[in-house]
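Me: I would like to learn how to read a structural model feature by feature. Could you take me through one?

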Amino acid sequence: MIQRLLPFFTLIALFVILSVASPSFLTGTNLSSVVRQTAVINIMALGMTVVIIAGGIDLSVGSILALAGLLGAMAMVQGSIVLGVIIGLAIGAACGLANGVMTTALRINPFIVTLGTMGIYRGLALIVSKGLPVHEIPPAFSYLAEGNLLGVPFVLWVLLVCAFAVHMILEHTRLGRYAFSIGSNPAAALYSGVPVAFHTSAVYALAGLLTGLAGMIEASRLMTGQPTSGQGYELTAIAAVVIGGGSLRGGEGSVLGTLVGAFIMGLLANGSDLLGTNPYWQQVIIGAVIILAVAFDELRKRRK
Amino acid sequence: MLQLQNIQKRFGGVAALRGANLSVNAGEVHLLMGENGAGKSTLMKIVAGMLPRDSGEFLWRGGSVHFRNPGEAAAQGIAMVHQESLLAPHLTVAENIFLGREPGPGFGLVHRGRMRERAAHIIEEHRFPLQADWRVDKLSPAGRQMVEICRAIQQGSSLLIFDEPTSSLSPVESEEVFRIVRSLRARNMGVIYITHRMDEMRAVGDRITILRDGEAVHSGPLSDISTDDLIHHMVGRELSAVYTRTPIPPGEELLAVEHLAREPVLHDISFSVRAGEIVGLAGLIGAGRSELCRALFGIDPVDRGTIRAGGQLLRVRSPRDAIRVGMVLIPEDRQRTGLATDLPVRHNLTISALNVVSRFGFLNHAADRAAAAELTARLRIRSESPEQKAGRLSGGNQQKVAIAKWLLARSRIFLFDEPARGIDVAAKLEVFQTIEELARGGAAILMVSSEIGELIQMADRILVMRHGQIAAELPGNTSPETIMRYAAVKSSMAAAGERAG
């Protein structure tokens with residue numbers, strides 16, 4: 001049990017250490033900026049959690065983020081903010097659904113499918129925008145990423161709502177139960193009469209939807225629709241899930257774990273900024289944390 | 001040659017072995033028997049160097065030993081033939097026999113010719129039906145075991161451990177294994193042989209040690225102990241070796257199959273099963289019994305023929321189509337297809353009927369727990385809690401979970417593929433009792449088994465499959481010899497037999 005809580009303790013320890021080491025850490029401004037910086041990864045990682053629990057993987061989320069953000073921004077310029085957000089979410093969900101349908105209908109390994117769509121979605125974003133960012137976003141849209149509600153960043157509320165929703169899906173719906181079942185043993189799920197193809201597709205669509213939302217937040221943060229945004233985010237999102245106890249073999253993972261994993265990486269980045277660590281070292285540290293987290297998890301399982 | 005005294009081993013709070021004794025002589029086949037969970041596998045893992053012991057004396061050829069890994073045990077001449085083989089499937093027989101100790105001039109170079117030659121020599125000496133350059137993934141389970149045996153011989157082993165070697169073999173293949181075991185004994189090697197099957201132990205064993213709850217409760221020559229005494233030692237109470245059931249008059253026809261074909265494994269299969277009836281399905285491995293179950297359940301597509309469930313024509317394209325009309329499969333391989341072993345027992349129990357415990361896609365956890373509790377009580381599933389991982393249950397209890405999950409969905413046609421494989425005597429009787437209760441409750445049952453004795457005990461009628469066809473339909477009280485004749489004999493003779501019968 002103690003080892004299962006290890007990521008949680010790590011997060012608290014990191015928090016305490018940074019509070020002592022840097023006077024500017026435990027300030028409203030800094031903590032808000034940590035939340036704002038990690039919200040995008042956090043929300044993507046929530047979707048990735050469900051995909052990984054169902055035994056899948058989605059390498060295309062970084063590209064979905066860019067395509068959804070870009071098309072959402074374009075719709076905003078042409079129409080309205082509401083239309084833009086709807087378009088962004090719809091594009092995200094559609095891209096995710098396409099991933100799911102391809103893995104189930106063509107029976108191709110999701111790693112390969114999403115490796116392909118990672119290129120396709122990114123390419124589409126570049127084609128549509130001719131490689132140029134979209135700038136004329138209505139100023140009010142910046143509220144999504146930069147605004148405050150009840151004294152805390154608005155994105156924190158968005159994140160909490162998403163986390164609660166995904167937690168509900170995992171623990172209290174058929175979709176969640178089926179996701180665990182498919183990820184834990186796909187053959188047994190099929191033999192048990194679980195509608196495997198439908199629910200696998202649904203899981204990828206959900207991840208796409210959340211990534212579409214993350215794309216809109218990213219667009220609001222930058223106040224541009226960037227066809228090149230989100231590169232490498234897929235790996236950070238996967239890392240957050242894995243640090244939080246998710247297993248790439250499927251059948252394991254939790255919302256709380258993923259949030260903790262994402263915040264551990266967020267604090268590491270923030271901490272090294274505050275302490276003036278060489279940014280190149282950040283990558284080394286985060287890489288080491290990923291390996292350590294999984295090593296401890298494997299050790300715990302083998303001990304049992 | 002091998003002497004174990006008072007071996008103890010604990011896993012966390014659970015004592016797996018609490019005083020196990022075993023002594024094996026050169027040139028004898030020593031049977032190791034006991035229910036699942038009695039500690040047989042743990043003891044053998046200690047002997048083969050896969051686990052350290054907590055305490056006790058381990059004497060090998062007169063000296064005390066402490067193996068830290070299987071390699072050390074192998075170097076001292078102790079090898080294990082695994083049920084699920086640990087071979088490299090893409091390599092050849094010869095490459096597998098010499099894996100890790102390839103002959104060659106050094107520097108990591110391999111002398112392929114010499115390796116093949118030496119492998120062929122071992123194969124010939126023991127008359128294994130193998131070729132040195134066959135690829136291992138093309139071999140049957142029996143063939144793979146033979147490769148493992150060759151490997152052990154090549155390593156110069158003098159003690160070989162067989163863990164249920166025949167559990168996935170046909171009778172003919174099993175005979176081949178017995179022959180090999182006897183030939184190893186004739187070469188003055190020691191053999192430890194784990195089995196659950198009463199019929200085969202008399203065929204190969206010399207002496208026997210029985211474990212119960214981690215202790216050796218009996219040891220001695222096999223000829224001195226009756227089968228009833230043996231079972232008594234294993235379970236610690238009186239238990240009949242034979243399950244006797246009272247057939248009930250069958251009701252309406254629930255499952256009717258006509259001219260079903262799936263090339264090249266099933267040809268022109270026609271049969272029916274009525275409510276309250278248990279129909280046995282006999283045949284050799286590869287005769288198409290599991291393939292028939294899989295086709296009926298919608299796992300494999302069929303080419304031709306009709307399936308009727310309760311009179312209604314059925315098109316099965318996936319298991320869901322079969323489940324919808326109440327036809328379910330309890331598959332042969334629990335770990336791979338029957339259960340999600342890493343998920344809680346409760347999740348496994350209700351996964352097939354989540355709509356019963358949910359509304360608009362939302363789960364009702366109280367109903368879910370209640371349903372799981374009811375099924376657990378009904379089938380007497382022994383688990384620490386409904387949240388325990390299914391994979392941590394004993395084989396018999398896993399099988400009960402695999403059956404129980406279909407009861408919530410009100411299934412009425414049950415296809416059992418080897419329901420008693422790999423589970424101990426007591427659990428087997430409970431599983432049979434469950435099957436009988438289902439039949440009594442009006443279900444139609446098709447039961448595949450490779451143990452003809454089981455079918456004779458359970459079935460009202462027995463269908464014998466051979467080469468993808470139903471070779472004969474026999475009454476339940478047919479003699480094993482007759483069933484074997486239809487299952488194994490060449491077509492012309494069977495045809496003659498059918499005419500005569």
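Predicted model: local features only at pLDDT ≥ 70, side-chain atom pairs only at ≥ 80, totals over all residues.

Reply: Ask about one feature at a time.

Me: How are two packed helices described, and what is the angle between the axes of α2(A) and α11(A)?

Reply: Two packed helices are described by the angle between their axes and by the distance between those axes. In chain A, the axes of helix α2 (residues 28-53) and helix α11 (residues 233-243) cross at roughly 65° and come within 8 Å. An angle from 65 to 115 degrees counts as roughly perpendicular, and α2(A) and α11(A) are therefore roughly perpendicular to each other. The crossing of α2(A) past α11(A) is right-handed.

Me: Which residues make the contact of α2(A) with α11(A)?

Reply: From α2(A) they are A:Ile41, A:Met44, A:Ala45, A:Met48, A:Thr49 and A:Ile52, and from α11(A) they are A:Tyr233, A:Thr236, A:Ala237, A:Ile238, A:Ala240 and A:Val241. By class this contact has 10 nonpolar and two polar residues, with no charged ones. An α-helix has 3.6 residues a turn, so residues three or four places apart point the same way.

Me: At what angle does α2(A) pack with α12(A)?

Reply: Helix α12 (residues 255-274) of chain A packs with α2(A) at about 145°, the axes being 9 Å apart. This crossing is right-handed. On the α2(A) side the contact includes A:Val34, A:Ile41 and A:Ala45, and on the α12(A) side it includes A:Leu259, A:Phe263 and A:Gly266. The residues of the contact divide into nine nonpolar, seven polar and no charged.

Me: Next, the contact between chains. How many residues of chain A are in contact with chain B?

Reply: The size of an interface is often given as the accessible area lost when the parts come together. Here the description is by residues: 18 residues of chain A are in contact with 22 residues of chain B. On the chain A side, α8 (174-184) and α9 (186-191) each supply at least two residues. The largest share, six residues, comes from α8(A). The chain A side divides into eight nonpolar, eight polar and two charged residues.

Me: Which domains does chain B have?

Reply: The domain assignment gives domain 1 (1-77 + 192-239) and domain 2 (253-500) of chain B. Taken over C-alpha atoms, their centres are separated by 33 Å. Nine residues of domain 1 of chain B are in contact with nine residues of domain 2 of chain B. Helix α8 (residues 227-235) of chain B gives the most to the domain 1 side, with three residues. That side has four nonpolar, three polar and two charged residues.

Me: How do I judge burial? Is B:Val147 buried or exposed?

Reply: Count the other C-beta atoms within 10 Å: 20 or more means buried, 12 or fewer exposed, and the range in between partly exposed. B:Val147, in helix α5 (residues 141-154) of chain B, has 27 such neighbours and therefore counts as buried. Beyond four places in sequence, the residues touched by B:Val147 include B:Leu87, B:Val93, B:Ile97 and B:Leu130.

Me: What does the count give for B:His82?

Reply: B:His82 is partly exposed, with 17 other C-beta atoms within 10 Å. This residue sits in the loop between β6 (78-81) and α3 (93-97) of chain B. Leaving aside neighbours within four places in sequence, B:His82 is in contact with B:Glu148 and B:Asp163.

Me: How many residues of α14(B) are buried?

Reply: Helix α14 (residues 395-404) of chain B has 10 of its 10 residues buried. Among them are B:Asn397, B:Lys400 and B:Ile403. The buried residues pack against β16 (327-330), α11 (334-338), α12 (345-350), α13 (365-378) and α15 (425-440) of chain B.

Me: Last, the backbone. Which peptide bond is cis?

Reply: Most residues other than glycine have a negative phi, and most peptide bonds are trans. The bond from B:Glu263 to B:Pro264 is cis, with omega near 0°. B:Pro264 is in the loop between β11 (253-262) and β12 (266-274) of chain B.

Me: What is phi of A:Arg107, and what is phi of B:His467?

Reply: Phi of A:Arg107 is near 50°, a positive value. A:Arg107 lies in the loop between α4 (81-105) and α5 (110-129) of chain A, and with 8 C-beta neighbours inside 10 Å it counts as exposed. Phi of B:His467 is also positive, near 50°. B:His467 is in the loop between β21 (461-466) and β22 (469-475) of chain B, and is partly exposed, with 15 other C-beta atoms within 10 Å.

Definitions and conventions
Residues numbered from 1 in each chain as written. Chains lettered and ligands numbered in written order. Domains from an automatic or database assignment. Contact = placed C-beta atoms within 7 Å. Helix = DSSP H or I, 4+ residues; strand = E, 2+ residues; numbered from the N terminus. Nonpolar A, V, L, I, M, F, W, Y, C, P; charged D, E, K, R; others polar. Axes fitted to C-alpha atoms, helices over the stretch in contact; angles between N-to-C directions. Parallel < 35°, antiparallel > 145°, perpendicular 65-115°, else oblique. Left-handed = near helix turned anticlockwise from the far one by under 90°.
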